[in-house]
Amino acid sequence: MLSFIGRRLLIAIPTILLISIFVFFLQKLLPGDPVLALAGEDRNPEILEFLREKYRLNDPLYMQYFHWIGKALQGDLGMSLRTRQPVLELLGQKLPVTLQLATMALIIAVMIGIPAGIISAYHKGTWIDWLANIVALSGLSVPNFWLGIMMILLVSVKLGWLPASGYQPFFEDPLQSIRTMLMPAFVLGTGLAATLMRHTRSAMLGVLQSDYVRTARAKGLVERTVVIKHAMRNALIPIVTVVTLLFGELLAGAVLTEQIFTIPGFGKLVVDAVFNRDYAVVQGIVLCTAIAFILMNILADALYRVLNPRMNDQ
Amino acid sequence: MHITKLSVFTAALMLSASWVHAADLRIGLAEDPDILDPDQSRTFVGRIVYASLCDKLVEITPELEIIPALATAWEWSADGMTLTMNLRDDVTFHDGEPFNAQAVAANIDRSKNLPESRRKSQVKSITGTNVVDEYTIEIMLANPDATIMAQFADRAGMMLSPKATEEMGLDFGSAPVCAGPFSFTERVQQDRIVLSKFADYYRADEINFDSVTFLPIADDAVRLANLRAGDVHMIERLPATSVASVKADDSLLIEQAVSLGYQGLTINVNNSDRAKTPLGMDSKVRQALSLAIDREALNQVVFEGVFAAGNQPFPPTSPWYDASNPIPARDVAAAKALLAEAGAENIEIEVQVSTNPVAGQVVQVVQAMAAEAGIKINIVAKEFATLLKEQSAGAYEVSQIGWSGRVDPDGNIHQFMTCEGGINDSKYCNPAVDDLLNKARTSTDIATRKASYDSARTILVEDMPIIYLYHQTWIWALDDGVSGFTPYPDGMIRLHGVSAE
C-alpha cells in the first residue's frame, strides 16, 4: 500500500508541474492588460509603465514563468497585485472556508443521496423509485444560483431564520459559522445528492441481483441484515470512490454558490482574480486545487484497494 | 427520540439569531475595496471606507463647495503659485501621533514621490512644501492650479500618520493609520472590513456608533436581501430597477444624489487605423448619431427615469453645466440630413460595451434608435479588462465607457480632451480646446473658469469626440431605523450625525 501511494505521489509531481505551465500560459493568452486592470481609473502612461517594470510584465514569458516557479519552490507564491497580500496568506485564509463548505455540502449530499439511492434501488419499479428519480432529476437540473437566491429570499428575508450572506470563522463562533454556511451547503449538497443518489442506486441494483445476496436470503437472514450487512458493503466501493472525487471537486471552490452567498472561499477568490488579471493569485489557487484534486484521486484509489481486497492481487 | 433531538438542535440554531445592535453599523458595499492605502488605491468603493477612516485637509458640501476639515483656512498668494494653509491643532492620528504641518508635508511628499503612488498626476503641480510653524504650511506650485483644493478633498488630501507610513511603507494598506472618526480594526479579504470608533476624534460627539462593518456583497439582489433581512443597516448602489419596490416597502428608506460622473460613447477619432471610419473622420456623422438618440427615453426605459439624462461631462444640476447647450431633443430628420451632407447614409459602426447587463441594455436602446436614422450598430460585448485594453490601444470604433466623476470640473474633462491627456483614448486633439482647458485650470475665480469651459463646450459640441448619454444616480437604501444620513453627489457615506436604532 505504501509503495503504491509513494509511486502515485511521484507521478503527481510532473503532473502538477505541467498544470502550472498550462495555466500560466493560458492566463497570458487572455486579452486585457493586467496593468490597466490594476491601474483602474488613474491609468496614465507613467504609472502603467512603472507597474509593468515592477511586476516584470515586460520580460519574455518563459522568464516570467521561471521566475514564478523558482519562487514557488521556495514557498513564495508571489503577491496579489490588487491588495499586496501574499498569495500563500490568501490561500491560508480561504482554505478553511472552502474546506468547511465542502465538508458540510458533502455531509448533506451523503445524508440525502445515499439513503435515497438505497431505498430507490430496493423498491425498484415502484412509485417510491419513480418519485426518488424525479426528485433527483430536479436536484440535478435546478441551477445553483437560482436555488440560492430563492432560498435567501425565503429563509432570510421572509422567515428570518438564517443570515442572508457572509461568513463566520468556525473556531470563533461555531454555531454562527454553521448558520452562515447552512444555506450554501444545502444548495451545493442537494445538487451533489442527486448525483450520489443515481450512483448509489446503480451500485445497489447491481449488488442486489448478485448470487451471494440470493444465497443470504436463501439462508433465511433478516432482510435488513441482507441489505445493510451484505449488499451495501460491496455497493459502497464505487460510492466511496465517487464521494472522494466529489470532495476534490468541491475543494476547487463552488464559484456560483460562493458569489451568491458571499462566502470568501476559493471560488470567489479565483473569479475576482481572473477579472482583475491577478496572475499570481490565479496560479496559486490552481496549483492548490490541482494538488488537492490529485491527492483526492490517490485517496480514492487507495480506499478502493482497501475496500476491495481483490484489487491488491493485481 | 431522534426527531426530538433534531428539532431541538434546529430550534437552537434559529433562536441564536444575531441581533443587529445599533452600536455596530453594518454597510453593504457593491465590491470589495482594493488596498487600503489612499496613495496606492484606485477603487471608488475604497473611498467609501476612507470616508470613515481617513479625514482630509478639506471636505465638500453636497453642493460641492470646499469647506474646512483638517485645514481651518487657506489663502492663495497673488500670483497663485503659493497656497498657505492653517491647520487644526487638536487632531491626533489613530496611533497617537500629532497631526501638524510636518505631517502634511510628509503626506504630500509621499503622494508625489512614492514610486507606487497613484496620486502623482493629481499633485503634479506641487513642487514643494514649507513648514512655517507647527500648524501652518506653505505649498508651492509650478503653475497656478485651481484643481488643487478639490484634490485635497479626495485621496490626495487624506492625511496618514507619517510614523505608520515610514514603518510599514508599501504595506501601510494592511493596517492603515489615519485621523478619521474610526480606526482600523480588522480586514478579511472579500468578507469584511471592521473599523472601531476613535475616542480622540476631534468631532467624536457627532459619531454615534462604536464600530462600522463594511460587507462587500457583489450580487445586487443578495445585497438588497441582506437589507430586507435586517443583516445590514444600509446598502449602496441599489439598482435603478429596484427603486420602486424599495419605495413601496415601509421598513426601508431611499436616498439619492446625481453623481459627479457620466456615461457615454467614446469615439475613436484618431487612435490607430480603426479611426478611419465615417464616424471617426467626420464630426457631422457623430452629431447625427447624437441627434438620433432620445436621452430621456433611454433614461426611462433602462433606468425607470431614476438616473439623469446628459449631454455634457457634468450633469444638468451641476454649477458647471453650460445652460446654453441643453440636452438636444431627438431629431431623426436632422440626423438623416447630416448623414446625407456627409455622404454617409446607411453606415455600419461597431460599438464595444462591457459585459455588464445594464451597459448592454443602454447600447441596445441606442442601437434601436440609431437604426431609424440609418446607422446600423453592431454590438460587441467584451469583458471589462479587455475592453479597457482595446480602448487604450485604439482597437475600437466606439466604446461605451464612463467616468466616476470628480469634484473639480477639470477632473471630468482635461485628461480626456487635451492632446496629451493621460486617458484620451479617442486621441482627440484640438489646440484651441487645449488652450481653453489649460486656462480654466489656472484661475481660481469660478466665473472665469466657467467661461473657459463654456467656450470649450461650444467647440466640443461641434467636434463631439464623446457622446454623453446619462449620469448615474447614487442610490442608497437604508433601514428605516437609520436617521441623519445626507446624500452626497460623490457617492460617499459620511457618518457624522448618522444614528441607528
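Me: Which residues in H7(A) meet residues in H8(A)?

Reply: This is a predicted model, in which local features need pLDDT of at least 70 and side-chain atom pairs count only at pLDDT 80 or more, whereas totals for chains, interfaces and linings use all residues. Residues are numbered from 1 along each chain as its sequence is written, and chains are lettered from A and ligands numbered from 1 in the order in which they are written. Taking contact to mean C-beta atoms, placed from the backbone, within 7 Å, the partners in H8(A) are A:Met183, A:Val187, A:Leu188 and A:Gly191, and those in H7(A) are A:Asn144, A:Leu147, A:Gly148, A:Met151, A:Ile152 and A:Val155.

Me: How are H7(A) and H8(A) oriented to each other?

Reply: The axes, which are lines fitted to C-alpha atoms over the stretch in contact, with angles from 0 to 180 degrees between N-to-C directions, come within 10 Å and cross at roughly 140°. Angles under 35 degrees count as roughly parallel, over 145 as roughly antiparallel, 65 to 115 as roughly perpendicular and the rest as oblique. The two helices, H7(A) and H8(A), are therefore oblique.

Me: What share of the residues in chain B is buried?

Reply: A residue counts as buried if 20 or more other C-beta atoms, placed from the backbone, lie within 10 Å of its own, as exposed if 12 or fewer do, and as partly exposed in between. Chain B has 501 residues, and the buried share is 51%.

Me: What does the C-alpha trace of chain B span along its principal axes?

Reply: Chain B has 16 helices and 21 strands, which are DSSP runs numbered from the N terminus (helices H or I, at least four residues; strands E, at least two). Along its principal axes, the C-alpha trace of chain B spans about 75 × 75 × 35 Å.

How values were computed: Two residues are in contact if their C-beta atoms, placed from the backbone, lie within 7 Å.
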